[in-house]
Amino acid sequence: MAQRLTVSDGVSKKTSRVRVAVRLRPYMSRQDEKDEGPCVRGLDSQNLEIINWRNATETVKYHFDVFHGEQTTQQEVFLSSVKPILPHILNGQNASVFAYGPTGAGKTHTMLGTAEQPGVIPRAVREVFNLVSAKDEDEGWDYSIGMSYLEIYNEKVLDLLSPNSQDLPIRENKDKNILIPGLTHTAISSFSDFDKHFIPATLNRTTASTKLNQRSSRSHAILLIKVVRTQRALPHRQQTGKLYLVDLAGSEDNRRTGNQGIRLKESGAINLSLFTLSKVVDALNSGTAARIPYRDSKLTRLLQDSLGGSAHSVMITNIAPEYRYYFDTFSALNFAAKSKLIVNKPFTRETVAVPVLPVKRSREEHEAVGSGAEPHKKKQKEEKKSEQDGSSPSAHYHSLSEPSVMERLIALEKLMMSCQDRNRQSVLKDVAQSRKEIQELKEKQREFERKATLLSQLAKEKSSSKDEAAFKNTLAPLQRKQPNVTKPNKQQAVVQPMQVSQLQPLQHLAVVRKQSVCVTKEKKKLSDLVEPPDGKENVESSWESQLDKSVLNESKQKILHILNTGCLKELKGLQQIGDKKAKLILGWREIQGHFTKLEDLINIEGMTQKRFSSFMKANILSALGK
Ligand SMILES: Nc1ncnc2c1ncn2[C@@H]1O[C@H](COP(=O)(O)OP(=O)(O)OP(=O)(O)O)[C@@H](O)[C@H]1O
């Protein structure tokens with residue numbers, strides 16, 4: 001079983017301004033009954049002007065990131081406004097493209113297009129597949145792509161891939177990701193696979209004829225393309241990038257649309273959500289708003305990440321040139337102008353799978369999970385299958401020779417990751433470092449095991465040759481690792497230390513290694529654990545004798561308390577405890593439970609008796625000085 005922890009690429013300093021493009025629909029004489037001609041025109045690739053309604057002899061000029069004139073093709077819109085942001089999705093970042101503008105101005109044409117002139121959606125999805133297949137195998141990532149498709153109709157979230165579904169809830173998880181539980185997510189393997197799902201789903205979208213548009217979208221449609229990439233060498237490492245492609249319903253002036261009854265109600269919901277969108281943009285621009293009103297409509301709640309969030313966003317504002325759209329065009333241009341001031345902070349979304357340590361469950365619990373949860377069972381089966389073929393993250397762990405070491409390492413990772421005040425980047429580095437250290441320790445453990453096996457064989461040979469005296473001498477130091485064992489027999493002398501190191505490899509390794517390296521010095525080394533080194537005793541403890549006993553004990557208790565309960569930061573707050581030692585202490589706690597006495601610290605790698613004495617002195621004196 002694995003639990004996924006989300007990590008971002010740290011506190012991202014990179015920002016990305018919302019890019020705003022304006023697209024002018026071709027002039028349509030049927031939309032200009034009075035034959036007044038266009039009221040707006042482009043000046044160049046970034047500028048346009050619109051007649052000033054206060055004074056028809058003047059114009060108001062606007063500057064945007066891109067201006068797409070009437071002749072601009074679907075391909076050109078895609079290439080200049082959308083294609084550049086797509087590679088981010090393959091790197092675990094989010095991107096969104098949304099079409100905004102009055103009804104009948106060309107939003108659906110821009111996003112969806114026609115079979116002859118495909119719009120942004122089909123082109124972007126095709127490009128995502130192209131980008132994935134162009135990825136170099138050697139980079140070591142596997143990609144999977146999936147889609148969801150929904151509409152917001154009359155403030156209801158409806159699943160377009162599952163048309164019979166009811167209004168779906170919108171939730172936010174602890175990492176501030178907006179989620180829609182129950183929304184269909186379908187894996188897609190190719191562009192034609194996408195089309196197979198997308199085309200029928202698009203027909204589920206609510207449209208109707210109004211005076212201004214024969215086939216007017218009565219809902220906001222949001223297509224989500226999710227790209228998950230998994231690192232082949234470390235399959236528990238995943239990055240998820242999401243692309244939102246949004247075709248908004250148009251703002252409507254009901255005096256002109258002629259809407260009545262249900263159309264009027266739809267129009268009310270559309271205008272209200274667009275009004276909230278405008279309030280969100282105002283609040284973001286003010287920079288001082290206490291609250292951004294994302295929650296005031298479903299649309300803004302879903303677009304939260306695209307506006308002032310973590311996405312690379314592009315807004316294509318569609319406008320129409322005829323005079324009958326004049327005020328809609330004017331307000332759309334003003335909305336677009338203020339939207340380009342919004343700044344997002346994109347970052348990479350990465351998850352790390354952390355296998356949960358096996359917990360013995362009661363029979364009842366097993367049955368409860370097993371009975372009603374078919375998918376869970378299936379998942380277990382699948383996990384089992386992939387474990388067998390070695391392709392799953394857990395299989396990766398299990399293939400390691402010492403599962404207990406791995407589990408403990410992972411528990412340690414989990415512990416460190418849950419420490420709230422850590423810097424995520426440095427924790428990731430630390431985890432990598434810990435992993436490296438553990439690998440080294442494991443290597444040494446194996447070496448020791450080999451030596452011990454040899455020793456054991458040697459012992460057997462010696463015992464059979466009746467050379468008992470020599471055999472005892474060789475084995476004695478190993479027996480002394482266990483202070484309680486007073487009269488060990490010969491078999492125990494060989495076997496016991498191996499058992500200890502196998503059961504608790506992570507920490508005991510340090511002790512075992514020392515013994516194996518210094519067999520001849522064993523007596524002295526072990527005596528170090530109970531007696532200070534020669535000549536040091538008086539120097540080290542003379543300062544203790546000058547302190548009040550109760551004060552001294554109180555300080556020791558405090559230190560013990562920190563050792564047993566402190567998080568990484570608190571442990572590092574102790575004198576002479578750096579990052580590495582603090583982690584080793586956390587590791588000890590994870591495995592041994594707690595420190596019963598301060599002297600247990602000597603079991604931490606690198607903590608000699610001398611260092612322990614110095615640690616005690618520094619911490620007690622420091623506590624007294626405070
Ligand atoms: N760039 C364009 N070139 C040719 N025709 C266009 C263009 N833009 C829009 N049209 C045509 O204008 C009409 C209205 O466009 P469309 O349905 O895309 O508007 P809309 O903004 O989505 O409207 P609504 O908000 O009501 O859904 C359609 O017939 C569409 O084919």
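## G106 and its surroundings

G106 counts as buried because it has 22 C-beta neighbours inside 10 Å. A residue is called buried if 20 or more other C-beta atoms lie within 10 Å of its own, exposed if 12 or fewer, and partly exposed in between, with C-beta atoms placed from the backbone. You'll find G106 in the loop between strand 8 (94-100) and helix 2 (107-111). Leaving out residues up to four places away in sequence, G106 touches R23, R25 and N318; a contact here means that the C-beta atoms of two residues, placed from the backbone, lie within 7 Å.

What you're looking at is a predicted model, where local features need pLDDT of at least 70, side-chain atom pairs count only at pLDDT 80 or more, and totals for chains, interfaces and linings use all residues. Residues are numbered from 1 along each chain as its sequence is written.

## The annotated stretch

An unreviewed UniProt entry carries the annotation "binding site" for G101, P102, T103, G104, A105, G106, K107 and T108. UniProt positions follow the numbering used here, feature names are shortened, and annotations may be inferred rather than shown by experiment.

T108 sits in helix 2. Is T108 buried or exposed? T108 counts as buried, since 26 C-beta neighbours lie inside 10 Å.

## The protein overall

The protein has 22 helices and 20 strands. These are DSSP runs numbered from the N terminus: helices are H or I with at least four residues, strands are E with at least two. Of its 626 residues, 32% count as buried. Among contacts with a separation of 6 or more, 69% come from residues 24 or more positions apart.

Strands in the order 4-5-6 make an open sheet with antiparallel pairing. Its edge strands are strand 4 (40-42) and strand 6 (55-63), each pairing on one side only. On average, neighbouring strands of this sheet are turned by 25 degrees against each other, direction ignored. Two strands pair if DSSP finds at least two bridges between them. Strand 4 and strand 5 (residues 47-52) run antiparallel and are joined by three bridges; G42 has L48 in strand 5 as its bridge partner.

Helix 8 (residues 326-339) lies across strand 4, strand 5 and strand 6, running at about 140 degrees to strand 5. Axes are lines fitted to C-alpha atoms, for helices over the stretch in contact, and angles run from 0 to 180 degrees between N-to-C directions.

## A hairpin

Strand 9 (residues 141-153) and strand 10 (residues 156-159) run antiparallel, joined by four bridges. I152 stands opposite V157 in strand 10. The hairpin has two residues between the strands, and N154 takes a positive phi near 50 degrees there.
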